[in-house]
Amino acid sequence: MSTVISLVSHHWLIVLLLIWSNLISFAYASPVQRPFPTIPFIAFSDTILSIFGPNISLATVLAVSFTLFENPDLLNLHFRQQQRICGDEHKVQISGWIVALGNALMNKLGKKRTETLFSENELARKPDEKAKVGLLAGKLDKLAGCLKLSTFDDQGDYKGKLLPISHSSTEPAHVICPPSFACETQDCSPRSLLQSTKDRDIPLVTLIKGQTVYQNVPVLTGKCPNCKTSYAADHERFEDTSTIQNTMKRVYINSAKYLKIGQSIWSDRGFATAAINAMYNFHASASSFAEYWNNTYGTKETSITRAHAWQAFVQQSVRTIAEESGIDAELDDGLNIKEVTTQAFSLLGEDGIIRASEEHACDECTQKRKDTSDVVFNNPAAVVGVDATDDNIPALEGPPEGIEVDAPQVSSDDEMDTDDIPNIKMVVLDGIVMGPQVIDI
């Protein structure tokens with residue numbers, strides 16, 4: 001009886017989890033953060049010059065500062081140890097926590113950059129590595145105090161736990177613009193490009209860059225004043241005068257940094273590559289990838305659809321294959337996504353030949369064509385996508401006696417004689433989805 005109750009309770013748990021998963025978004029919630037330190041730059045500059053060596057570079061200053069910003073939990077531990085609150089505690093100015101942080105920073109910077117953290121007088125004493133770590137720990141303690149990262153005030157009163165530092169106020173302004181800085185047509189090269197979009201007409205879009213979403217990013221377009229070719233961030237548009245109709249052509253730039261995947265959504269190439277890898281590696285559909293991305297990285301303001309994922313897949317695929325072929329794909333302008341795939345295949349499809357497999361043959365990828373399979377028998381376990389894990393499905397039986405698979409044995413590409421083997425076409429099926437295995441509890 002207890003077993004039945006336990007089984008039922010497990011099933012109810014699954015039902016509740018399924019209901020909850022459909023009601024609650026799994027998008028990652030950002031933790032509570034504190035504002036970026038707002039000390040005057042002159043005060044920060046004077047502190048850097050007084051604590052570190054005069055030859056310290058801007059890159060090293062930023063590395064030291066952001067080391068402190070990225071480790072609020074360690075600073076909480078360090079500054080707490082500087083206070084004697086409980087009776088049996090010892091007040092420690094330079095704790096083991098800040099020493100460990102200094103050691104990690106030195107390993108990060110390397111020997112040459114670490115030397116710039118110390119003054120000439122400090123280096124003249126020829127401190128060993130342990131002494132350098134101790135000196136650097138003291139410097140980090142002073143800099144953290146200057147940046148107001150301490151959890152206690154000057155009187156030792158607790159101000160509150162140090163929270164992660166928000167970097168929103170230090171984020172750069174992103175602008176989407178053409179990667180080409182001069183006209184690339186034969187007659188005009190290297191004429192400079194003009195910014196052709198009027199200020200009032202500059203579109204503000206959503207940019208997906210890595211795992212971060214940026215809003216209100218301006219998109220600029222360039223134009224050659226001579227040949228009138230327009231240059232966007234992901235394509236070039238020109239008039240083909242070689243035809244009677246003077247049709248407009250679009251060149252899909254292989255070196256494009258960003259891709260337009262929606263009316264007002266752009267993405268970097270990393271996002272597009274992730275869409276391709278998800279579909280190839282996990283056999284995920286465009287809808288599945290869109291749902292995954294929305295649950296993982298989406299926000300209330302930004303979410304993607306199946307159409308966005310499919311646009312990213314096609315745009316990245318065209319450029320990847322075109323780059324492999326050593327060309328920039330040139331198609332008619334103004335095509336919808338279905339027409340893009342059709343014309344791209346006509347240009348890059350190699351008449352159905354996979355370029356990577358050209359002039360290659362082996363016993364694994366090349367077989368003689370057969371009208372019927374050698375092994376045909378009734379077995380409920382011999383079903384694609386079904387593993388023999390259920391008690392109701394018997395294990396896959398071996399082939400009937402007396403049947404052997406006649407596979408050619410080839411030791412090299414040159415040995416296989418393929419003259420008598422007709423061409424066998426490979427068919428690509430769209431929309432195959434591999435879902436997770438579900439085990440009944």
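**Exercise 1. Find where Gly102 sits, and work out whether Gly102 is buried or exposed.**

Step 1: Start with the helix: Gly102 is part of α5. Helices here are DSSP runs (H or I, at least four residues), numbered from the N terminus. We're working with a predicted model, where local features need pLDDT of at least 70, side-chain atom pairs count only at pLDDT 80 or more, and totals for chains, interfaces and linings use all residues. Residues are numbered from 1 along each chain as its sequence is written, and side-chain values use heavy atoms, leaving out hydrogens and water.

Step 2: Now check the area. Gly102 has a relative accessible area of 0%, so it's buried (under 20% relative accessible area; exposed is over 50%, partly exposed in between, with a 1.4 Å probe and protein chains only).

Step 3: Look for neighbours. Skipping residues up to four places away in sequence, Gly102 touches Leu136 and Leu140; contact means heavy atoms within 4.5 Å.

**Exercise 2. Work out how α9 and α10 pack.**

Step 1: Take the angle and distance. Helix α9 (residues 286–296) meets helix α10 (residues 306–325) at about 110 degrees, with axes 8 Å apart. Axes are lines fitted to C-alpha atoms, for helices over the stretch in contact, and angles run from 0 to 180 degrees between N-to-C directions.

Step 2: Name the arrangement. That angle makes α9 roughly perpendicular to α10 (65 to 115 degrees; under 35 is roughly parallel, over 145 roughly antiparallel, the rest oblique).

Step 3: List who touches. α9 brings Ala286, Ser287, Phe289 and Ala290, while α10 brings Arg306, Ala309 and Trp310.

Definitions and conventions. Helix = DSSP H or I, 4+ residues; strand = E, 2+ residues; numbered from the N terminus.
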